[in-house]
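Hi everyone, thanks for coming. I'd like to walk you through one structure today, so please have a look at it on the screen.

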Amino acid sequence: MTRIFDMASNAGEGLAAAAAALEAGELVGLPTETVYGLAADATNPSAVARVYAAKGRPTFNPLIVHVASAAAAAEIAELGETGQHLAGAFWPGPLTIVAPKRTGSGIADLATAGLETVAVRVPAHPVAAALLRAVPFPLVAPSANRSGRITATSAAHVAEDLGEAVAVILDAGPTQIGVESTIVGLGDPPRLLRPGAIDPDAIGAVLGRSLAASDDASPIAPGMLSSHYAPAVPLRLEATEARPGETFLAFGAPPGNAGKVIQLSASRDLTEAAARLFQSLRELDRIGAPAAVAPIPQKGLGLAINDRLRRAAAPRP
Ligand code: TXA
Ligand code: MG
């Protein structure tokens with residue numbers, strides 16, 4: 001039986017149950033400021049194996065290791081000057097840094113898919129931060145959805161997608177940001193591996209140089225498969241008119257001929273649209289009709305929204 005705790009009313013009991021489950025090698029549905037994670041002890045190979053099994057995730061796709069502080073991250077990854085600089089500017093917060101993995105880090109090889117690098121992040125959400133302080137190990141936490149499907153942004157999504165595989169779900173309401181962390185690979189130059197919650201221009205401003213673009217063909221971000229975040233219904237992007245029978249996913253005023261409309265943000269606010277994105281894709285699935293999606297500006301959070309929409313619309317394997 002999955003136990004779900006309402007963190008608004010029952011935080012102490014929820015944290016204790018989650019910590020005990022993690023100690024026992026079980027999985028916990030964990031709110032972060034971006035999306036819900038499926039957390040497990042990053043140093044326990046069989047707990048990490050359970051994460052891959054529960055998600056149906058290919059084992060060549062490595063996980064993000066979540067820690068309580070930049071100091072804890074530095075024990076796992078060689079952050080170097082650039083990494084420390086980024087950590088100081090953006091942690092705790094929705095930035096993931098990919099850096100060389102330290103020998104003796106204790107992180108299960110399966111968590112990093114055998115790579116010599118490791119992805120680390122210090123989440124800002126108070127529940128995630130409290131749980132990381134309550135356990136004596138770092139946590140892997142991929143998004144808490146089936147692999148390739150729509151990212152989970154509420155406790156109900158976690159329960160729907162993963163069911164009995166999760167021992168405990170900590171329900172802190174819908175996530176605030178709604179899209180995943182921005183991933184930066186250290187190197188010369190530092191590279192944007194996944195657009196996300198933090199604008200790459202803000203990262204470039206801190207570094208004093210712009211990030212190199214991500215390269216989809218590169219094996220360095222094995223998780224960025226082209227079809228991902230996929231609803232069951234087909235999506236038509238950059239739509240300026242609606243076609244008969246389609247649901248219209250709008251950003252601002254929908255076209256006059258649109259039938260059923262789901263609104264990402266009536267006021268064309270990218271922050272609001274990001275927060276509603278995955279929930280809206282799930283609604284499209286419930287309606288079950290093909291969908292048309294309005295153009296979204298390619299700036300700020302729009303970079304992450306467009307990245308997710310492109311993958312959601314990509315041909316399925
Ligand atoms: O906001 C987030 O980052 C959420 C919350 C729960 O923290 N987590 C998340 O995890 O999005 P996941 O597993 O859905 O995405 C992790 C991404 C994958 O694309 C994976 O390939 C990439 O991080 N990644 C992990 N380790 C890597 C590494 N060593 N090198 C390159 N990419 C890596
Ligand atoms: Mg994911």
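Let me begin with a definition: helices (H or I, at least four residues) and strands (E, at least two) are DSSP runs, numbered from the N terminus. With that in hand, Ala128 is found in helix 5, residues 126-134.

A word on where this comes from: this is a predicted model, in which local features need pLDDT of at least 70 and side-chain atom pairs count only at pLDDT 80 or more, while totals for chains, interfaces and linings use all residues. Residues are numbered from 1 along each chain as its sequence is written, chains are lettered from A and ligands numbered from 1 in the order in which they are written, and side-chain values use heavy atoms, leaving out hydrogens and water.

Back to Ala128, then: is this residue buried or exposed? Ala128 has a relative accessible area of 0%, so it is buried; buried means under 20%, exposed over 50%, and partly exposed in between, with a 1.4 Å probe and protein chains only. Leaving aside residues up to four places away in sequence, Ala128 touches Leu30, Pro31, Thr32 and Pro123, where contact means heavy atoms within 4.5 Å.

Helix 5 also has a helical partner. Helix 1 (residues 11-23) packs against helix 5 at an angle of about 50°, and their axes are 10 Å apart. Axes here are lines fitted to C-alpha atoms, for helices over the stretch in contact, and angles run from 0 to 180 degrees between N-to-C directions. On the helix 1 side, Leu15, Ala18, Ala19 and Leu22 meet Val127, Ala130, Leu131 and Ala134 of helix 5. By class, that contact has 8 nonpolar, no polar and no charged residues. For the classes, Ala, Val, Leu, Ile, Met, Phe, Trp, Tyr, Cys and Pro count as nonpolar, Asp, Glu, Lys and Arg as charged, and the others, Gly among them, as polar.

Thr82, His85, Leu86, Ala89 and Phe90 in helix 4 meet Ala202, Ile203, Val206 and Leu207 in helix 7. Here the classes come to 7 nonpolar, 2 polar and no charged residues.

Next, the core. A nonpolar core is a set of buried Ala, Val, Leu, Ile, Met, Phe, Trp, Tyr and Cys residues joined through side-chain atoms within 4.5 Å. The largest one has 45 residues, and Val65, Leu79, Trp91, Leu95, Val120, Val140 and Ile203 touch the most other members. Which helix gives the largest share of this core? Helix 2 does, with 5 residues. Apart from this core lies another, of 33 residues, among them Ala197 and Leu301.

Finally, some backbone details. The peptide bond from Trp91 to Pro92 is cis, with omega near -10°, and Pro92 sits in the loop between helix 4 and strand 5. Asp188 and Pro189 are also joined by a cis peptide bond, with omega about 5°. Glu238, which is not a glycine, has a positive phi near 55°, and this residue is exposed at 54% relative accessible area.
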